[in-house]
Amino acid sequence: MNRLRAVIICLVVAWVTAVLPAAAVTPAWTVLPVPAATAPVTVSDLAARGPAEAWATGWEHTADGLRPLLYRWDGTAWSRDTGFPGAGELGWLGKVQFVGDEVWILHGHEGAGEILRRSAAGWSSVPLPQTLWTYQDFTAVPGAAWVVGEDETGLKVLHHDGSGWTSQAVPDGVLYLMGITARTATDVWAWADTTTGATVLRWDGTAWRDARVPLPPDSNVHTILLEPSGRVTIGGSQYTDGAAATYLLTWDGHAWRTTHPPLGDTYTEGMVRGPDGALWLPVRSDHAFQSKYARVDGHRTTFFYGPERTDAIEVRPVALARAGSALLSFGTAEIYGSKPNLMSERRRG
């Protein structure tokens with residue numbers, strides 16, 4: 001009888017786990033101290049190369065304007081880096097990527113833009129060929145880089161081939177490029193606003209073309225995650241009766257598949273593929289004193305809370321990165337009586 005009862009209990013637990021995938025579970029995240037900046041701060045991006053090197057970018061809001069923020073993780077602690085060109089000037093830092101053995105960062109200062117490059121020999125910079133009103137996004141791979149934005153004449157796609165810059169044309173009807181990401185120099189994806197709605201474009205080494213991605217109707221795109229295996233995951237929001245809900249659209253090498261995980265209207269830009277093979281992304285927390293993360297594995301979604309922070313009124317992770325067998329997050333935490341400052345957390349294993 002006891003054995004039968006034990007079997008029944010196990011089956012009930014398994015059933016509950018399967019049909020209630022969004023249940024919150026015990027947190028596995030720990031706090032990583034970050035040297036404070038001048039609050040309030042804005043976090044742009046986070047990139048990691050193994051467990052012992054990661055970089056986070058953004059800017060701080062000082063009395064005389066925006067000043068760039070760059071932090072480095074060495075596997076043990078976060079420290080602020082002030083040795084890059086323009087570190088003491090007004091400006092901002094955007095997307096950060098590892099390109100071969102180097103770190104590349106989009107940098108805006110005094111109205112101009114450039115790509116910062118850090119190698120074993122130190123820092124250098126690649127100035128952009130023209131000043132843009134907005135620098136919407138940046139991506140780089142060995143042998144190529146792209147910066148997208150606008151100037152007084154409209155949309156600009158600037159391409160660097162390792163030796164110089166050229167301007168690339170996009171299909172008719174494209175009004176604005178919201179973001180760009182690359183897997184190789186001849187496999188680049190961008191998401192755009194067009195006269196007929198959201199569209200995904202693809203560069204094949206010759207021209208930008210409509211990728212013919214079957215986006216859900218009345219939807220937009222937040223991010224595109226390209227993986228070495230060929231898998232592509234698109235995250236965005238779909239609007240139904242005036243309400244927005246997150247969707248994920250995945251290419252498995254054969255077909256596109258759309259899912260609607262229970263994420264509300266979560267902005268998916270911070271989504272990464274974790275070391276466990278699942279998708280991870282920060283979500284808005286219903287606990288003011290804790291961060292919250294979603295793990296999406298197929299049709300199953302699980303939520304994790306971060307560590308409790310005393311007197312916090314909002315803990316907001318912005319970006320995630322895989323660091324070996326761990327996940328790193330970087331964002332802001334607002335403590336009662338002060339403005340938002342930097343925070344970081346790690347989930348091991």
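How many bridges pair strand 13 with strand 14, and in which sense? I find three bridges, and the sense is antiparallel. Strand 13 covers residues 154-160. For the record, strands here are DSSP runs of E with at least two residues, numbered from the N terminus, and two strands pair if DSSP finds at least two bridges between them.

Before going on, a note on ground rules: this is a predicted model, where local features need pLDDT of at least 70 and side-chain atom pairs count only at pLDDT 80 or more, while totals for chains, interfaces and linings use all residues. Residues are numbered from 1 along each chain as its sequence is written, and side-chain values use heavy atoms, with hydrogens and water left out.

**Entry: sheet 11-12-13-14**

I looked up Leu 158 and found its bridge partner in strand 14, Ser 167. Zooming out, I see an open sheet of four strands in the order 11-12-13-14, with antiparallel pairing. Strand 11 (134-141) and strand 14 (165-167) are the edge strands, each pairing on one side only. Neighbouring strands in this sheet are turned by 20° against each other on average, direction ignored; the axes behind that angle are lines fitted to C-alpha atoms, and angles run from 0 to 180 degrees between N-to-C directions.

**Entry: sheet 7-8-9-10**

Next I checked another open sheet, whose four strands come in the order 7-8-9-10 and pair antiparallel. Why is one side of strand 7 and of strand 10 left without a neighbour in the sheet? Strand 7 (92-99) and strand 10 (122-127) stand at the edges and have a single partner strand each, so one side of each has no neighbour in the sheet.

Strand 9 (residues 112-119) runs antiparallel to strand 10, and six bridges join them. I also noted that Arg 117 stands opposite Ser 124 in strand 10.

**Entry: salt bridges**

I counted a salt bridge wherever a side-chain nitrogen of Lys or Arg comes within 4 Å of a carboxyl oxygen of Asp or Glu. That rule gives 16 of them. For burial I use relative accessible area: buried is under 20%, exposed is over 50%, and partly exposed is in between (1.4 Å probe, protein chains only).

Glu 60 and Arg 80 meet through their side chains at 3.0 Å, N to O. This pair links distant parts of the chain, with Glu 60 in strand 4 (residues 54-62) and Arg 80 in strand 6 (residues 78-80), 20 residues apart. Glu 60 is buried at 5% relative accessibility, whereas Arg 80 is partly exposed at 32%.

Arg 295 has its salt bridge with Asp 276, the closest N and O atoms being 2.7 Å apart. Arg 295 lies in strand 25 and Asp 276 in the loop between strand 23 (272-273) and strand 24 (279-282), so the pair ties together parts 19 residues apart in sequence. Arg 295 counts as buried at 18%, and Asp 276 as partly exposed at 36%.

With Arg 212 and Asp 210, the closest N and O atoms are 4.0 Å apart. Arg 212 is exposed at 68%, while Asp 210 is partly exposed at 34%. I also found Arg 183, Asp 187 and Arg 202 linked in a network of salt bridges.

Which residues does a cis peptide bond join? Ala 39 and Pro 40, with omega at about 0°. Pro 40 is in the loop between strand 2 (29-31) and strand 3 (41-48).

Then I checked phi. Asp 241 is not a glycine, yet its phi is positive, about 55°. I place Asp 241 in the loop between strand 20 (232-240) and strand 21, and Asp 241 is exposed at 81% relative accessible area. Asp 311, also not a glycine, has a positive phi of about 65°. The loop holding Asp 311 runs between strand 26 (300-305) and strand 27 (312-323), and Asp 311 is exposed at 54%.
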